[in-house]
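This report goes through a structure part by part. Please look at the sequence and the 3D view before reading on.

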Amino acid sequence: MNQASVAAVDLGASSGRVMLARVGPDVLELTEAHRFANRPIRVGPTLHWDVLGLYQGVLDGLRTAGRTGAGLHSVGIDSWAVDYGLLDATGALIGNPVCYRDSRTDGVMDRVLDQLGAARLYAGTGLQNLPFNTIFQLVSAAGTPAARTARRMLLLPDLIAYWLTGEQTSEITNASTTQLLDARSGGWSADLIADLGLDPGLFAPLCRPGDRIGELTAPVCAEIGLPGPVPVIAVGSHDTASAVVAVPARGDRFAYISCGTWSLVGVELAAPVLTDASRQANFTNETGVDGTVRYLRNVMGLWLLQEAIRGWQADGSTVDLEALLGRAAAEPALRSVVDPDDPVFLSPGDMPARIDEWCRRTGQPVPSSRAATVRCIMDSLAVAHARAVRQAQHLAGTTVDVVHIVGGGARNELLCQLTADACGLPVTAGPVEATALGNALVQARALGAVHGELDDLRRLLTRHLPVRHFQPRPETRGDWAGAEARLHA
Ligand code: LFR
């Protein structure tokens with residue numbers, strides 16, 4: 001096959017999309033077949049995902065994608081990490097998956113760290129401790145009727161793949177975010193699973209990006225009007241793994257920021273860094289495509305802005321983001337900065353109030369307008385980006401010459417420029433649709449439409465996709481060094 005038409009299903013925390021990609025040695029085209037909203041829904045005390053709604057969006061998207069031109073050669077699915085559905089003995093879904101921002105895990109991480117030992121957990125899994133990691137979600141749900149009935153746990157892309165194909169697998173890049181994979185063997189950690197009293201049968205056999213999961217079932221084909229058979233191919237089903245595939249870098253002296261709801265800031269390595277210093281800095285070794293290690297830190301990302309805007313729009317008014325960012329750019333720089341990684345910013349709710357409180361507590365001016373709040377968020381993210389880029393190099397013993405920003409944040413000129421300033425490094429911004437592109441490239445390679453290593457896939461990207469460059473402004477250096485100190489207030 002010298003050109004593949006593939007559907008890249010990419011589920012994000014605020015929207016899902018089905019992208020149709022044409023990929024070959026001389027072509028890389030991406031068009032949106034369907035986009036649909038996604039937002040968590042609170043029922044009683046619990047914040048859920050509407051997973052059936054998401055599945056419906058996927059089916060609608062595949063129907064549209066299948067109608068265009070060459071038909072579909074394959075389907076690949078990615079989403080955010082850590083969240084899962086539980087299946088009973090018949091394979092039926094038990095309840096709605098819970099959103100990782102739900103408070104059911106409050107306090108659980110500390111309990112598990114006490115029980116297992118933080119050093120042992122890091123040495124075993126290489127994962128950063130985030131309160132919502134699957135391990136803590138499973139422990140928080142232990143003993144509930146749902147958990148007692150559960151025979152299988154499938155992360156969301158694996159769950160969608162199961163509904164499409166009837167096959168239960170666990171794709172390894174996303175499985176690595178559960179904090180239950182063994183960093184050395186790459187398999188499920190039997191020891192941790194036993195020590196936590198979890199049922200080993202919950203965990204499906206692992207598969208790798210490029211593996212064929214199965215084919216769309218006959219009822220699915222009938223539902224979406226495809227003649228079939230269409231294979232579903234495992235991709236980097238963790239969205240960040242797919243996004244990193246599509247970082248248009250040359251060589252290995254680069255850092256990346258996969259910038260959307262989260263900013264995932266780090267470097268690509270051949271082997272995990274499991275030192276104590278790395279553990280204390282809460283850097284993670286997530287499994288990447290082709291056996292690479294995504295050595296990175298979660299920075300809270302554009303969530304702070306999205307959540308502030310959600311609040312401002314609560315009364316039905318709309319917010320013009322472009323205009324607001326323009327006004328934020330004109331605000332004085334670095335007047336107030338917050339540490340975006342403070343857990344106080346994790347849950348949904350009044351973001352500007354939490355930012356004001358942080359500033360008040362640390363003796364900084366409280367932002368006096370929406371533009372000032374947005375400027376505070378942008379400056380704070382840039383400082384946190386620079387901190388993570390610097391730490392990643394230091395902890396991994398590498399040096400980078402350039403920072404690539406991919407994902408929705410690559411559109412945000414102010415954030416890209418401030419990140420270049422804060423890092424003191426050039427920033428290359430784009431592609432915006434890195435996740436879908438990484439998803440599509442891995443499918444196309446599995447189908448034999450393109451060949452080679454990640455470097456070769458990235459060369460294809462650089463030939464076909466425009467990027468933008470931001471140079472650091474040297475006159476701002478001193479200010480940034482001082483601003484980072486304010487994060488430790
Ligand atoms: C980004 C992401 C991050 C993960 C967070 C929660 O969309 O997948 O990599 O830490 O969402 O799952």
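## Ligand surroundings

Around the ligand lie W80, A81, V82, Y100, H238, D239, T240, G260, T261, W262, L264 and N298, where a residue is near a molecule if its C-beta atom, placed from the backbone, lies within 6 Å of it. This shell divides into 6 nonpolar, 5 polar and 1 charged residues; Ala, Val, Leu, Ile, Met, Phe, Trp, Tyr, Cys and Pro count as nonpolar, Asp, Glu, Lys and Arg as charged, and the others, Gly among them, as polar.

The model is predicted: local features need pLDDT of at least 70, side-chain atom pairs count only at pLDDT 80 or more, and totals for chains, interfaces and linings use all residues. Residue numbers start from 1 along each chain as its sequence is written.

## Helix α15 and its partners

Two packed helices are described by the angle between their axes and the distance between the axes. The axes of α15 (residues 370-396) and α19 (residues 477-487) cross at roughly 95 degrees and come within 10 Å. That makes α15 roughly perpendicular to α19, a term for angles of 65 to 115 degrees. On the α15 side D379, V383, A386 and R387 take part, and they meet W480, A483, E484 and L487 of α19; contact means C-beta atoms, placed from the backbone, within 7 Å. This contact has 5 nonpolar, no polar and 3 charged residues.

Helix α13 (residues 321-330) also packs against α15, at an angle of about 75 degrees and with the axes 8 Å apart. The two are therefore roughly perpendicular to each other. Residues L324, L325, R327 and A328 of α13 touch R370, A371, V374, R375 and M378 of α15. By class, the contact of α13 with α15 has 6 nonpolar, no polar and 3 charged residues.

## The buried side of α3

Which residues of helix α3 (residues 118-125) are buried? They are L121, Y122, G124 and T125, buried meaning that 20 or more other C-beta atoms lie within 10 Å of a residue's own. These residues cover an arc of only 165 degrees around the axis, so they are on the same side of α3. Their cover includes α2 (108-116), α8 (190-195) and α11 (276-280). Just after α3, G126 has a positive phi of about 70 degrees.

## C423

C423 belongs to helix α16 (residues 413-423). With 25 other C-beta atoms within 10 Å, C423 is buried. Beyond its neighbours within four places in sequence, C423 contacts H385, A386, V389, V403 and P472. C423 and V403 are 20 residues apart in sequence, and their C-alpha atoms are 8.4 Å apart.

Definitions and conventions: Axes are lines fitted to C-alpha atoms, for helices over the stretch in contact, and angles run from 0 to 180 degrees between N-to-C directions. Helices (H or I, at least four residues) and strands (E, at least two) are DSSP runs, numbered from the N terminus. Angles under 35 degrees count as roughly parallel, over 145 as roughly antiparallel, 65 to 115 as roughly perpendicular and the rest as oblique. Two residues are in contact if their C-beta atoms, placed from the backbone, lie within 7 Å. A residue is buried if 20 or more other C-beta atoms lie within 10 Å of its own, exposed if 12 or fewer, and partly exposed in between; C-beta atoms are placed from the backbone. The arc is that of the directions from the helix axis to the C-beta atoms.
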